[in-house]
Amino acid sequence: DCNVGTYALPESGTRFVQKMLEEAQPKNFADLLQISGLTHGTGCWLGNADELISNKICTISDVIGCRDDIMMTLIHKYGMDKSLSFKIMEFVRKNKKGVIIPQEMQDAMREAGVPQWYIDSLQKIRYMFPKAHAAAYVIDAIRLMWYKIYYPVEFYAAYFSAAPDGFDGEIVMGGKEHVRTTLTDMMRRRNELTPTEAATANALMLVNECFQRGYDFLPVDIHKSHATKYLPERGKIRLPFTSLPGLGETAAIHIMEAMKSGDIFSVEELRTQAKVSKSVLELLEKNGALKGMSKTNQLSLFG
């Protein structure tokens, strides 16, 4: 049910930030800076900037997003004294206990023409993010956005390779509708999910996004899969051995190294050379990864 394609992007993939994006409707880089500042601040968005935007008092471009904005706005927009503007910024950005802004500061702002909504907004803030930090986060996000838009298969493959937590190859290979059904059920039980299930739900959100964009996954294949990396293949993503729940990294590496030798022609040889357990072989067979491989090297006279 997400209306923005920000899963797997820095600081933008949570439902909280996604709802902010939907409500704020950012139009440019400066607006994204505002959102980054608001998400890292305290007392900045909920009950403050969100209400100003929803009540159409101002837009995302006008609300107080980063601490630097306070000083710069007071100086350049309202012509206030630089020293006093700096002091107001410093008072607000670390006002953790919610102390009332000194009356002389309020009077100076009103005299300069600062609107009351702005002063009230300042009073609600408990901590503000510096603009340089917000800019660093947004620049990283935009760099990855570019790859997500123009090289989607490579993006998803790289992301799942770097952050595979919760990825369940058996669920994914059930197809688009199975993923959506599983995800819907998990969201219905979101407050009861175990940490493992919560990680799987997060992974499935990105998998679902991938499916909705028209990109598919290829099953684990004993000849084509990597031990741990998700590989782009013919416009799709080939699952690694470790995408199967219960198949650990050590066993996956042993399987991949054994297959590289080119001397594996049967399941029996794979078990011997890769030194994997019977349960691992059963898991591979269950998921069709051993398709075309004979049980043993022995020839049958009766075909």
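**Surface, core and pocket**

Mentor: Y150 lies in helix α8 (helices are DSSP runs of H or I of at least four residues, strands runs of E of at least two, numbered from the N terminus). This is a predicted model, where local features need pLDDT of at least 70, side-chain atom pairs count only at 80 or more, and totals for chains, interfaces and linings use all residues. Residues are numbered from 1 along each chain as its sequence is written, and side-chain values use heavy atoms, without hydrogens and water.

Trainee: Is Y150 buried or exposed?

Mentor: Y150 is exposed, because its relative accessible area is 54% (exposed means over 50%, buried under 20%, partly exposed in between, with a 1.4 Å probe and protein chains only).

Trainee: And L244, where is that?

Mentor: L244 sits in the loop that runs between β3 (236–238) and α13 (249–260). With a relative accessible area of 3%, L244 is buried. Its C-alpha atom is 50 Å from that of K97, 147 residues away along the chain.

Trainee: Changing topic: what is the volume of the largest pocket?

Mentor: About 870 Å³.

Trainee: Which residues lie nearest its centre?

Mentor: C2, V4, Y7, R15 and M205 do, out of 39 lining residues.

Trainee: Which helix gives the most to that lining?

Mentor: α12 does, with seven residues. Helices that each supply at least two residues include α1 (15–24), α2 (29–40) and α8 (131–150), and α11 (176–188) is another of them.

Terms used: 1 Å grid on protein atoms, 1.4 Å probe; cavity = no way out; pocket = protein on both sides within 12 Å on 5 of 7 lines; lining within 4 Å. Points joined across faces, edges and corners; volume = space filled by probe spheres on them.
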